[in-house]
Amino acid sequence: MAVPTFVDQVRLHIAAGRGGNGVASVHREKFKPLGGPDGGNGGPGGSVILRVDGDVTTLIDYHHNAKRRAEHGGHGAGAHRNGAHGSDLVLSVPDGTVVSDTEGNVLADLVGLGTEMVIAQGGRGGLGNAALASAKRKAPGFALLGEPGEELDVVLELKVVADIGLVGFPSAGKSSLIAAISRARPKIADYPFTTLVPNLGVVRAGDTTFTVADVPGLIEGAAEGRGLGHDFLRHIERCAALLHVVDTASIEPGRNPIDDLEIMEGELARYGGLEDRPRLVALNKVDVPDGRDIASFVVEDLRARGLEVFEISAASGEGLKELIFAMAQLVSAARAEKPQVDAQRIVLRPTGPAGSEEFTITETNEGWRVRGVKPERWVRQTDFSNDEAVGFLADRLNRLGIETRLIQLGAEEGDAVLIGHPDNSVVFDFKPGIDAGVEMLGRRGEDQRFDEKRPAAERRRKIQGAMDERGEGETRADVARRLAEGRPEPTGPMAYEIGSAEDPDWNESDPDAQR
């Protein structure tokens, strides 16, 4: 099987990197078993970027490798260590690449060196429990998951950016012409359809430099798929002007320059979008005696139609100088009218619900479907194996107003609530009026060991308060013992003989104990 050298249309599967997961961690060190949450955040995944590169002229690289994926973000770690950012994947494309989805909708038209398009955004990294901590949630026992990166199929279509487009029948001499006026060296042979791929040549006329595109020859019915030219008509859509190269020395019976020109114009009209382009006509091969005679017969007729006609010979160079300067004049006029194209950065953003609302709710046969950027992102970041994380999600959705809206729309307890796209939605049972945090011992995410009202803290405060009124010789241990026995007032120094029965530390097994 022959390996193509020029590819101007490919279908590409693109996947951005997944965001790293946050981590739930508690700081621990000697004498500090509860140092607080210190879980780091996950790193964002890498994005996939299309960038116009002047050194790239074909999409051949993506023809051989049609699946591209950016790097995933790293997971968070303890000690407030965040995960690494996933590296972006930059895909170089030729100038004039049109990006479309699989349904034919144009997403972007990449024109201008350096123009970029973020075709797939990397997923966000999940927050660690250190970032989720607050005054009322001092030690969250959960973290958020990283979001998956965007994944989609796109179609890349190259439309060559050239100033002048050469159109004509096969073997009309287009390749010979571009070789004569530029340094392009296309294949030239004495049989039709020698040109199988577009060729670009750079031409200089005085102070004007412009590019010329040679596409495979057109035949009658090319717009409907006959021949090769219909595959490459897209490459002349961006041309500022068109040059009809007409063969005046054709040996095919029934062919003449005027009919050839009308056929080509008919094909261009059926293709559409080229009616406003200026036209030049080059009657080629006047170095052949019969060609010169035929050109002299038709030149006045063509000029009478308002066309600018040149009698040339790509083989001998006759008439090429006048033709080059005429093309340069058209290019200069087109550039003066066209604004300068600067490099730009295009970022595709997902479209949210209509209006300013953060979510929408619609009733379907499956249940109540909730759509919105925030609720869908929160669901993707939730670890459903962690009850605390699920409760945190429920409270976030409730604060957003989803439960209130469901009640207003008539939802009843037990109804199915689906959040997300129909292809991968998450289903919940609707339970209005239930605060997920009430069923826990404390607020969701709280660690009771951090609660200042815990019994141990209260006992220490009482002891510390009683130390100012302690009796003579009464130690802190005596104060603690007295408060534990319910004796609020000090009784003075405790007189007892060590080791006697009055000694509170007396132990019968002590050999020194007095009996």
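**A helix and its neighbour**

Modeller: The secondary structure of the chain comes to eleven helices and 19 strands, taken as DSSP runs numbered from the N terminus (helices: H or I, at least four residues; strands: E, at least two). This is a predicted model, in which local features need pLDDT of at least 70, side-chain atom pairs count only at pLDDT 80 or more, and totals for chains, interfaces and linings use all residues. Residues are numbered from 1 along each chain as its sequence is written, and side-chain values use heavy atoms, with hydrogens and water left out.

Colleague: Is H4 oblique or perpendicular to H5, and why?

Modeller: Helix H4 covers residues 257–271 and helix H5 residues 289–304. Their axes (lines fitted to C-alpha atoms, for helices over the stretch in contact, with angles from 0 to 180 degrees between N-to-C directions) lie 10 Å apart at an angle of about 50 degrees. Angles under 35 degrees count as roughly parallel, over 145 as roughly antiparallel, 65 to 115 as roughly perpendicular and the rest as oblique. Therefore H4 is, relative to H5, oblique.

Colleague: Which residues in H5 meet Pro257, Ile258 and Leu261 in H4?

Modeller: Contact means heavy atoms within 4.5 Å. On the H4 side are Pro257, Ile258 and Leu261; on the H5 side they meet Ile294, Val298, Asp301 and Leu302.

Colleague: Which residues of H4 are buried?

Modeller: Buried means under 20% relative accessible area, exposed over 50%, partly exposed in between (1.4 Å probe, protein chains only). What covers the buried residues of H4 includes strands E9, E12 and E13 as well as H5. The buried residues are Pro257, Ile258, Asp260, Leu261, Met264, Glu267 and Leu268.
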